[in-house]
Each structure stands twice: as C-alpha cells, then as structure tokens.
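Keep the 3D view open as you read.

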Amino acid sequence: MAARVIDGTAVAAALRAQIAEQTAALPFTPGLAVVLVGDNPASAVYVRNKDRAAQGAGIAAQTIRLPASVFAKDLMGVIERLNADPEVDGILVQLPLPDAIPPRPVLEAIDPAKDVDGFHPLNAGRLQDGIDVLAPCTPSGVMRLLAAAGTPLRGARALVLGRSTIVGRPMAALLLAADATVTIAHSRTVDVAQECRQADVLVAAVGRTEMVRGDWVKPGATVIDVGINRLPDGRLVGDVAYAECAAVAGAITPVPGGVGPMTIACLLDNTVKAALRRRGGRG
Ligand code: NDP
C-alpha cells in the first residue's frame with residue numbers, strides 16, 4: 001500500500017493562521033529582526049520569505065542588511081543593539097556568514113531569550129536536558145509533522161540520519177524528549193541501511209540526493225525527508241528516494257512541500273513564544 005503523504009504546506013499554513021490569530025489577540029506586536037550579511041542569493045530569498053511570512057502572521061519584521069565586508073565587531077554591535085531593543089523579541093542571523101566571520105561568536109552574542117533559531121549553546125544545552133526552550137525551527141517543524149501524521153513516538157525506534165547542530169542533534173533531543181528510542185547515524189556509521197531498517201520513524205538530514213532507498217525503510221514506518229538538494233536541471237529533491245520509499249513507508253513527506261514550509265512557520269512560532277516569555281505572558 002502506498003504511504004500517506006504528509007502535507008507540510010497545509011500543516012504550515014494552519015500553523016501560520018493559528019499564529020496570526022494569536023498575535024491579533026495580543027496587546028503588542030511581536031518583533032523579529034533578521035540580520036543578512038553579504039549578497040548570497042539563496043539567503044536573500046530565505047530572508048524575503050521570512051519577512052513576508054512574518055508580516056502575514058502579525059509579526060513586525062525588520063531586515064538589517066550588512067555588506068559582506070562588514071567587520072565582525074560591527075556585526076556584534078548590531079546584535080548588541082537588537083539585544084537591547086525592547087521592541088525586538090527575536091533575532092536571527094542568516095547563515096552562512098562570509099568566510100571572514102566565524103559564526104560561533106556571532107550566534108553566542110545573541111540574547112538567549114531572543115534566540116529564535118535556537119542555536120545559542122545555552123538553548124542547545126537546555127534542549128539536550130529536556131527543558132522546554134526555543135528549539136531550532138527545522139526539527140521543531142518535523143515534530144509538528146509527526147504529530148499531524150499521528151505517528152506514535154513513545155517507545156518507538158527513531159533513527160536520525162545526520163548529526164549537525166542545526167538539524168540532526170536537536171532533532172534527536174526532541175525525539176528523545178517525546179520518549180522515542182533514538183539512534184543517530186552519521187558518515188562514520190558502519191551500516192546506515194541496516195540502522196534505517198529498524199526505525200519506526202526515520203528522519204533523513206544528510207544533504208545527499210536520494211540516499212535513503214526503498215529497501216532501507218521498515219514497512220509502515222514514517223519517513224521524514226529534511227534534505228533539500230538541487231539537481232543540475234534545477235529540480236529540488238530530498239535525501240530520500242521518494243517513489244521507492246513511499247511504496248514501503250506508512251507515511252512520508254515530499255520534497256518540496258514537506259519539511260521546508262514548516263521551518264519558517266516554526267520561526268514565527270518561536271518569535272511569538274519569545275515575545276510572550278519576555279513580555280510576561282505565557283509562551
Ligand atoms: P550538514 O552537512 O551540516 O550535516 C550532514 C550530516 O549528514 C552530517 O552529520 C554528516 O555526518 C551526515 N552524512 C553525510 N554524508 C553521510 C553519509 N554518506 N552517511 C551517513 N551520514 C552522512 O547538513 P545539515 O544538517 O545542515 O542539512 C542536512 C540537509 O537538510 C541538507 O540537504 C540541507 O539542505 C537540509 N536542510 C533543510 C532545511 C529545511 O528547512 N527543510 C533546513 C536545514 C537543512 P558527519 O557528521 O559524520 O560528517
């Protein structure tokens with residue numbers, strides 16, 4: 001039987017609508033500041049999309065554009081100003097930064113209470129401790145998709161393919177917090193296919209075109225494809241060989257239209273959460 005398709009576009013639209021309703025009822029407008037350094041065209045598109053989505057959800061978004069030649073100390077100055085600005089609830093520095101600026105100190109300069117990307121080590125550490133924090137947006141989006149698909153997590157075997165700071169590690173922490181039995185596979189894992197075959201929930205975040213094949217998937221498993229890979233002909237495909245895996249899985253996300261739309265929706269959700277926590281409401 002073919003897998004159920006988990007429609008990330010629809011789940012994200014519902015979340016954005018819910019956020020818009022929430023912000024309309026607030027006595028203040030949550031503020032999001034996005035810092036874009038340099039002229040990476042993909043980053044410019046992401047930032048534009050974030051800006052548009054924020055406006056549509058009742059969030060005041062501002063984009064601070066800095067040249068690629070900016071000195072790290074000047075970028076830090078911008079972050080300090082945003083940290084001190086009471087109207088700014090969330091700060092996001094669009095990655096990647098130009099080579100001359102190491103990202104770590106920049107991310108660590110963001111006030112953890114305004115860290116809507118969830119990349120500050122304080123938030124990352126709290127997440128590992130199972131504390132409810134501003135969690136990174138892509139893994140948070142995956143958790144919402146799993147909930148929308150009705151995939152049981154308690155006691156389930158979950159395999160996270162990839163161990164990046166942005167996706168794999170926080171993904172594993174969120175699945176663990178949901179009482180799954182979690183394995184993380186990476187480039188040094190001896191038999192990735194065999195690890196995958198045991199998973200009731202398989203989350204692929206490797207950045208390798210269609211690496212996960214149909215015979216890696218346990219029949220009936222839920223397969224979440226975080227990967228975004230552009231083929232030479234311009235098409236976007238995931239880390240999962242979709243047709244093969246959909247023939248075996250119980251539920252699966254497409255690319256595009258799966259995890260991608262959830263990331264921005266979860267960023268808006270984190271912005272509202274940060275605003276409520278900072279301004280004394282519930283979040
Ligand atoms: P990274 O390159 O930072 O991490 C990739 C991970 O995959 C690493 O842990 C690496 O292992 C592992 N890996 C690479 N090759 C293999 C292999 N052959 N076998 C097993 N493991 C392997 O990528 P990201 O986590 O940032 O992103 C992953 C994918 O998700 C990309 O396609 C990216 O575009 C996409 N993405 C999508 C988002 C969305 O909104 N939908 C948001 C963020 C990312 P090791 O650590 O050993 O090197």
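Start at Cys196, whose sulfur has its closest cysteine partner in Cys245, 9.0 Å away, which is too far for a bond. Since this is a predicted model, that spacing is a computed value. A disulfide calls for two cysteine sulfur atoms within 2.5 Å, so the 9.0 Å between Cys196 and Cys245 rules that pairing out. Cys196 is also buried, as its relative accessible area is 1%.

How many disulfides does a search of the whole structure find? The count is 0. Cys137, for instance, takes part in no disulfide, and the nearest cysteine sulfur, 6.4 Å off, belongs to Cys266. Cys137 has 5% relative accessibility and therefore counts as buried, too, the cut-off being under 20%.

The space it takes is the largest pocket. Around the ligand you will find 19 residues, and those that come nearest are Arg163, Ser164, Ser187, Arg208 and Thr263.

Zoom in on the ligand's oxygen atoms next. One oxygen atom of the ligand is 2.5 Å from a side-chain N or O atom of Ser187. In the side chain of Thr263, an N or O atom is 2.8 Å from an oxygen atom of the ligand. Ile228 takes part through its backbone instead: a polar atom there is 3.1 Å from a ligand oxygen. As for cover, the ligand on its own has 940 Å² of accessible area, and the protein covers 70% of that.

Notes. Residues numbered from 1 in each chain as written. Predicted model: local features only at pLDDT ≥ 70, side-chain atom pairs only at ≥ 80, totals over all residues. Heavy atoms only, no water. Buried < 20%, exposed > 50% of the residue type's maximum accessible area, 1.4 Å probe, protein only. Near = heavy atom within 4 Å. Polar contact = N/O pair within 3.5 Å; in protein donor to acceptor, adjacent residues only side chain to side chain. Areas by Shrake-Rupley, 256 points an atom, 1.4 Å probe, with all protein chains shown as cover. 1 Å grid on protein atoms, 1.4 Å probe; cavity = no way out; pocket = protein on both sides within 12 Å on 5 of 7 lines; lining within 4 Å. Sits in = over half its atoms within 2 Å of the grid points.
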